[in-house]
Amino acid sequence: MSCAVVLFTRDLRVRDQAALATAAREAKRVVPLFVLDDALLRRGCGAPNRLSFLLDSLRDLDGSLRERGARLVLRRGDPVEELLGVAAECGATSIHLSDDYSHYARSRLQRLALACERARLHLRVHSGVTVVEPGKLLPTGSDHYRVFTPYWRIWAEYPRSAPRQAPRRLALPPHIRAGRIPALGRLTAEPLALDLIDGGETAARGRLERWLRGGLAGYAQGRDDLAAPAGTSRLSADLHFGCLSPAAVLARVEGREGGDAFARQLCWRDFHHQVLAARPDLPRTDYRTQGDRWRRSERLAAAWREGRTGYPIVDAGMRQLAREGFIHNRARMIVASFLTKTLYLDWRIGAAHFARLLIDADVANNVGNWQWVAGTGNDTRPNRVLNPLRQARRFDPSGDYVRRYLPELSSLPGQAVHEPWTLAGKERRALSYPAPVVDHGKAALRFRSLRESRPG
């Protein structure tokens, strides 16, 4: 009786899951497998916020598979070795998995392809991590798009298939050892953020439905409003872990009010994946070097990480990140510009800190966006500097976002919450809040001067 193994990676769902759907259609028995990869755990992908979300997602996936007559088989170790062991245990003849585009994922796939060839296993690689696979859209004379706008134009017109239905029934081979999904404490002893969202396809679908009902219509106008409770979708972690299919999300928003603006964000996600696929060194190397000689100051880096820079809008963003494992997209831009262009510290410091705390720390998007803001990536205006005070006045005019994350400033009225340094001496000293670590105006002039003297 034919048997196939489906290796889940960043596609932790049963709906619009091409690898699972194909295996269920072509084989009598299917083994849904997830391997806790020790190499990834050692490389920092075992950050506690991300692990908590992952374990939630695995438990939810196991529940969905049980409803269909199967269950999730779990192993820990090297994914290639563990997969081959499971294939031998159940007599599988084919392996299915979704493609991925980081350097590690490509290396893993190469090793798996070689191992499957030696073991005479048929390897099938499916799309599903992005809406449009990297390499499908190519400009004349290049292996990827370097500028977003032309990519968006062709991406928006690219033909797409309808999302796949989840398999109705699945059958496991008899006597296969399933393994257990571990408790979080077995994988990390580090503390979690206080306000984490739940992981898994069920929770993700609930977030999507609420967003479609109450957030999407106002997205184009409200997505930069830092204090708006439904200004953004909060689906980034769901997309990163594949609890939602990006193609299925796109199908749900198309044709609705606000849908075009949100589709553009899904396109940004694909854009960075096609850049990473073409430039696998992106996490370490400037995409477009600007000749930066970054300042080295652990004091300034620590103040930024801790949300103690003296600029409330910056500090509120960093406190949100620490508290929720998430940070509003506009706040991401503000804190990233402040680190790289006001403090003139290396973007890699910021990318590493985000990777430690963010649930949605996708390699392509985390690094791609950090390089974009730092001016070393795909931004066509690499020397622009975001003024934190202007950003605060524009995107948090009432100060509600700052007050939410900086309780020490919650009593300040109106715009004073964005400029506590303007208070009279006694009032200023009564606040348990630091003075600005740098003068932004002078720092911005210094940055522009450095960039202009060292053209990229």
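Predicted model: local features only at pLDDT ≥ 70, side-chain atom pairs only at ≥ 80, totals over all residues.
**Exercise 1.** Describe the salt bridges Asp62–Arg66 and Arg403–Asp400, with the place of each pair in its helix.

*Solution.* Step 1: The closest N and O atoms of Asp62 and Arg66 lie 2.8 Å apart; for Arg403 and Asp400 the value is 3.8 Å.
Step 1: Asp62 and Arg66 are four residues apart in helix α3, so about one helical turn separates them.
Step 2: Arg403 and Asp400 are three residues apart in helix α18, again about one turn.
Step 3: An α-helix has 3.6 residues a turn, so residues three or four places apart point the same way.
Step 4: Asp62 is buried at 10% relative accessible area, while Arg66 is partly exposed at 44%.
Step 5: Arg403 is buried at 18%, and Asp400 is partly exposed at 40%.

**Exercise 2.** Determine which residues of helix α7 are buried, how they are arranged around the axis, and what covers them.

*Solution.* Step 1: Helix α7 runs over residues 201–214 and spans 20 Å from first to last C-alpha, close to the expected 20 Å.
Step 1: Its buried residues are Glu201, Ala204, Arg207, Leu208, Trp211 and Leu212.
Step 2: Viewed down the axis of α7, these fall within an arc of 130 degrees, so they line one face of the helix.
Step 3: Thr202, Arg213 and Gly214 are exposed on the other side of α7.
Step 4: The cover over the buried residues of α7 includes α3, α8, α9, α10 and α11.

**Exercise 3.** Carry out the analysis for helix α20 and examine its start.

*Solution.* Step 1: In α20, the buried residues are His440, Ala443, Ala444, Phe447, Leu450 and Arg451.
Step 1: They fall within an arc of 130 degrees about the axis of α20 and so line one face.
Step 2: Lys442, Leu445, Glu452 and Ser453 are exposed on the face of α20 turned away from the buried side.
Step 3: Among the elements covering the buried residues of α20 are α14, α16 and α17.
Step 4: At the start of α20, a side-chain oxygen of Asp439 comes to within 3.0 Å of the backbone nitrogen of Gly441.

Definitions and conventions. Residues numbered from 1 in each chain as written. Heavy atoms only, no water. Helix = DSSP H or I, 4+ residues; strand = E, 2+ residues; numbered from the N terminus. Expected span 1.5 Å × (residues − 1). Buried < 20%, exposed > 50% of the residue type's maximum accessible area, 1.4 Å probe, protein only. Arc of directions from axis to C-beta. Contact = heavy atoms within 4.5 Å. Polar contact = N/O pair within 3.5 Å; in protein donor to acceptor, adjacent residues only side chain to side chain. Salt bridge = Lys/Arg side-chain N within 4 Å of Asp/Glu carboxyl O.
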